[in-house]
Amino acid sequence: MCGIVGYTGKRRAGPILLDGLSRLEYRGYDSAGMAVRDGNKLAEVVKATGKLIHLADKTDQGRALEGTCGIGHTRWATHGDPSLVNAHPHVSGNCTGSASGPVESEVVGVHNGIIENYAELKEKLLRHGYTFYSDTDTEVLVKLVDYYYNKYKIGPVDAITRTMVRVRGSYALGLMFQDYPGEIFAARKDSPLIIGTEEDASYLASDVPAILKYTRDVYYIENLQVARISPGHVSFYDLNGDERSLPLTTITWDASAAEKEGYEHFMLKEIHEQPEAVQNTLNSLAAEDEIHLEEAGITQEFLAGLREVDIVACGSAWHVGMAARVLLEDLAGVPTRVELASEYRYRSIPTQDDTLVVIISQSGETADSLAALRAAKERGAATLAVVNVVGSSIAREADHVIYTKAGPEIAVATTKAYSAQLIVLYILAIALGAAKGRITSEQKAGYIRELRTIPDKIRRILEEKERLQWFSSKIVNAHDIFFIGRGLDYAMSLEGSLKMKEISYIHSEAYAAGELKHGTISLIENNTLVVGLLTQSALYEKTLSNMTECKARGAYLMGITPNGNFQVEDSVNFALYIPRTDEHFFPSLAVIPLQLLAYYTSVNRGLDVDKPRNLAKSVTVE
Ligand code: M6R
């Protein structure tokens, strides 16, 4: 959570920082701020509560700030409410923390993450005469750097490394020191941070889209490293203060991938990008009738030796795991557990070296998933990361990594990354089934051929989006929505329900259809919407019966089912048909109407689709 940017070069920093922040607003948007320096002069700090537009208004789009070196921040509150005083940047000097203008301060900083022992550190600093204006852990961090800097009369790099040794938690940090004009210092532990360079400028950011407009050459600063950044030049240091060299990576994305390109919202654009996301991911893993996982270091022998798969993830990525379990058991006959990362890390799950732990994550930075990955490695399992963001922490730390080829995903509600993750997990299940001799080469080839039809089938569903737009206008005032299904349909219900609640703020629940009668059915009232997923032929009748049990208690029914199941109209009030495919792959098709339903409901309710309240795209806190 929270987005960090920095710039040092020859141009006016304010507008560049604001532009970068606008591309990071998905990481948090309850307040924002910037600090900009003009040569030796004091840093000028400006903050505003609410969305970035307020900061832009307050600074004349950044132009009101003099200077060519600065740092900026967009916040998702962790310590302290979303107020002006708690907004970043924070400073080491004595001040009110809320006035705009030049600040007498040795150190100014922005931070993403959580300092777990901040209370203890604050006590120490209070004893040494520091005073505090905010409730944030960041102010403590900045003042601790200042403390070491002044006490030992050491340079910024040593003051920062001393601080890093004292703090527990996660951080990505951008700092400016009054004695070092034109320079920015950065450090990270378990929070993402990149540094971009061009001939006479350097950039700091939490994520690539913030700087893609200016440069494609980036460094991925490593965990527990410090960077010293000046125009066009960066040096890196480890915790001992020894200089380290890092490879420069060239970003190959198309810059337009991070723009809306005429769509009203990023989410709608990303929904429409799913055919390409699926196709590109599939092409990266399968050629002709063969699967290629060699690039991830996964061989036939490795797969054949696996006896168990544990899938660990959060949110929608966890839902992918719930669907994948069905395929891994069905096609590969491998017992599969699906665990929430925030739970997995605190359990002592017996793990053998023939267990593969698969961590699924779009951002590759989700704190719980990263911690679960580390726990899995400690427990001796082999680990595979399925990740979208290249070079992210989870991708770097896992034994094996398969990248989803979804491109940058900006909307907080995931769509195309989810679809791309499904493809990777289907491929893994097919490859595992083949390696274990559960499926023949012909069957494998048949599955791959069928998967190649998915992008066009998604396009066909998207062509009929107006029906969902119309239907969503009828449910715009709903209080509760239930999504039900069995087996793979249950996994899809989970995703449909999360999409609906996170962007429309309508309470919704996903239920295994057969489980409703054990309590939850008492919540069904007149006109409660029940969305039934009916894609699995063996479970169709059973789920439909559970839906009609709800109808008998007043529910309004929507059914999502393959083309040809027209008899469903005898039972449901609104039927939505999707193209036919192999039953294992229906999640890739059924999810599309669920995404569109949530999207249009949010739009019809006049909500901020791309940046729903209280959320952030990348959850880098525990
Ligand atoms: O980046 P990750 O895939 O690790 O994120 C996991 C969840 O936070 C994420 O899927 C979240 O549930 C989405 N907002 C759902 O749309």
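Keep in mind as you click around that the model is predicted.

**Stop 1: the domains**

Start by colouring three ranges: domain 1 covers 3–251, domain 2 covers 259–452, and domain 3 covers 462–609. Now look from domain 1 across to domain 3: their centres, taken over C-alpha atoms, are 45 Å apart.

**Stop 2: the ligand and its surroundings**

The space that the ligand takes is the largest pocket. Two elements each give two or more residues to the shell around the ligand: helix H9 (315–332) and helix H17 (488–504).

Now show the side chains around the ligand. In total, 14 residues surround the ligand, and the closest are Ser361, Gln362, Ser363, Thr366 and Glu502. If you colour the shell by class, you will find five nonpolar, seven polar and two charged residues.

**Stop 3: contacts to the ligand**

Stay with the ligand and pick out a few residues one at a time.

- Select Ser361: an N or O atom in the side chain of Ser361 is 2.6 Å from an oxygen atom of the ligand.
- Move to Ser363, where an N or O atom of the side chain lies 2.7 Å from an oxygen atom of the ligand.
- Then turn to Val412: here a polar backbone atom is 3.1 Å from a nitrogen atom of the ligand.

How much of the ligand's exposed area does the protein bury? Taken alone, the ligand exposes 410 Å², and the protein buries 90% of that.

**Stop 4: two backbone spots**

The peptide bond from His88 to Pro89 is cis, with omega near 0 degrees. You will find Pro89 in the loop between strand S4 (69–75) and strand S5 (90–91).

Finally, go to Lys153, in the loop that links helix H4 (137–151) and helix H5 (156–166). Phi of Lys153 is positive, near 50 degrees, in a residue other than glycine. For context, most residues other than glycine have a negative phi, and most peptide bonds are trans.

Key
Residues are numbered from 1 along each chain as its sequence is written. This is a predicted model: local features need pLDDT of at least 70, side-chain atom pairs count only at pLDDT 80 or more; totals for chains, interfaces and linings use all residues. Side-chain values use heavy atoms; hydrogens and water are left out. A residue is near a molecule or strand if one of its heavy atoms lies within 4 Å of it. A polar contact is a pair of N or O atoms within 3.5 Å; within protein, one must be able to donate a hydrogen and the other to accept it, and residues adjacent in sequence count only if both atoms are side-chain atoms. Accessible areas come from the Shrake-Rupley method with a 1.4 Å probe; for residues, only the protein chains shown count as cover. On a 1 Å grid over the protein atoms alone, a cavity is a set of points where a 1.4 Å probe fits but cannot get out, and a pocket is an open set with protein on both sides within 12 Å along at least five of seven lines; lining residues have an atom within 4 Å of a point. A molecule sits in a cavity or pocket if more than half of its atoms lie within 2 Å of its grid points. Helices (H or I, at least four residues) and strands (E, at least two) are DSSP runs, numbered from the N terminus. Ala, Val, Leu, Ile, Met, Phe, Trp, Tyr, Cys and Pro count as nonpolar, Asp, Glu, Lys and Arg as charged, and the others, Gly among them, as polar. Domain bounds come from an automatic or database domain assignment.
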